[in-house]
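Let's walk through a protein model together, one question at a time. Have a look at it first.

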Amino acid sequence: MNPQQADGVWPCEAGCASPEPGVPDHDRPSADASDGAGVESRGGGNGVEVVVDHELCSRAAYCQGRYPAVFEVVGDYAEVRADVAWSDIDRALLEETARGCPWMAIEVTATRDPA
Ligand code: SF4
């Protein structure tokens, strides 16, 4: 497990310790819908929706390391896994993972699922 920094942000698995976009050692590919990955990845259930913005994602895989049951880096971007067991989701860990994304590419929102 990575040590938490004082500001509540964990460093990337790949070594990027900055939560700020634009640091030189943290290359970010350009999102390109033509590569088959789309410009975002989303999933959700059980009252929560998760979106990864591929225009922001750096593929550094912090999210995958922190919550591999939800996030997986495929090619150039993190994806919300298709096999997430949303009924078992740890909402606190999910939100913590989103806050720790160094590029702020993960959005977690509450939804009202149909009964
Ligand atoms: S979503 Fe965030 S933490 Fe996950 S790979 Fe992309 S930039 Fe890194």
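Two residues are in contact if their C-beta atoms, placed from the backbone, lie within 7 Å. This is a predicted model, where local features need pLDDT of at least 70 and side-chain atom pairs count only at pLDDT 80 or more, while totals for chains, interfaces and linings use all residues. Residues are numbered from 1 along each chain as its sequence is written.

Q: Among contacts between residues at least 6 apart in sequence, what percentage join residues at least 24 apart?
A: Start with contacts in the protein whose partners sit at least 6 apart in sequence. Then keep those joining residues at least 24 apart, and you get 60%.

Q: What average pLDDT does the protein have?
A: pLDDT is the predictor's confidence in each residue, from 0 to 100. Here 64% of the residues score at least 70. Residues 1-6 stay under 50, though, and so does the stretch 16-27, where the pLDDT is below 50. Over the protein, the average is 79.

Q: How many bridges join strand 1 and strand 2?
A: Two strands pair if DSSP finds at least two bridges between them. Strand 1 (residues 40-45) and strand 2 form a hairpin with two residues between them, and G44 stands opposite E49 in strand 2. The two strands run in the antiparallel sense, and the number of bridges is six.

Q: Is N46 buried or exposed, or something in between?
A: A residue is buried if 20 or more other C-beta atoms lie within 10 Å of its own, exposed if 12 or fewer, and partly exposed in between, with C-beta atoms placed from the backbone. N46 lies in the loop between strand 1 and strand 2, and has a positive phi of about 55 degrees although it is not a glycine. Because N46 has 13 other C-beta atoms within 10 Å, it counts as partly exposed.

Q: Where is M104 found?
A: M104 also isn't a glycine, yet has a positive phi of about 55 degrees. M104 has 15 other C-beta atoms within 10 Å, so it is partly exposed. Its place is the loop between helix 2 and strand 5 (106-110).

Q: How far apart in space are E55 and V39, C-alpha to C-alpha?
A: E55 is in the loop between strand 2 and helix 1. It counts as partly exposed because it has 14 C-beta neighbours inside 10 Å. E55 and V39 are 16 residues apart in sequence, but the C-alpha to C-alpha distance is 6.3 Å.

Q: Which residues touch the most other members of the largest nonpolar core?
A: A nonpolar core is a set of buried Ala, Val, Leu, Ile, Met, Phe, Trp, Tyr and Cys residues joined through C-beta atoms within 7 Å. Leaving out residues up to four places away in sequence, C63 touches F71, A78, T97, C101 and I106. The largest core has 19 residues, and those touching the most other members are C63, A78, C101 and I106.

Q: Which residues are closest to the ligand?
A: A residue is near a molecule if its C-beta atom, placed from the backbone, lies within 6 Å of it. Helix 1 (62-66) and strand 3 (71-74) each supply at least two residues of the shell around the ligand. Of the 16 residues surrounding the ligand, the closest are C57, Y62, C63, A78 and C101.

Methods
Helix = DSSP H or I, 4+ residues; strand = E, 2+ residues; numbered from the N terminus.
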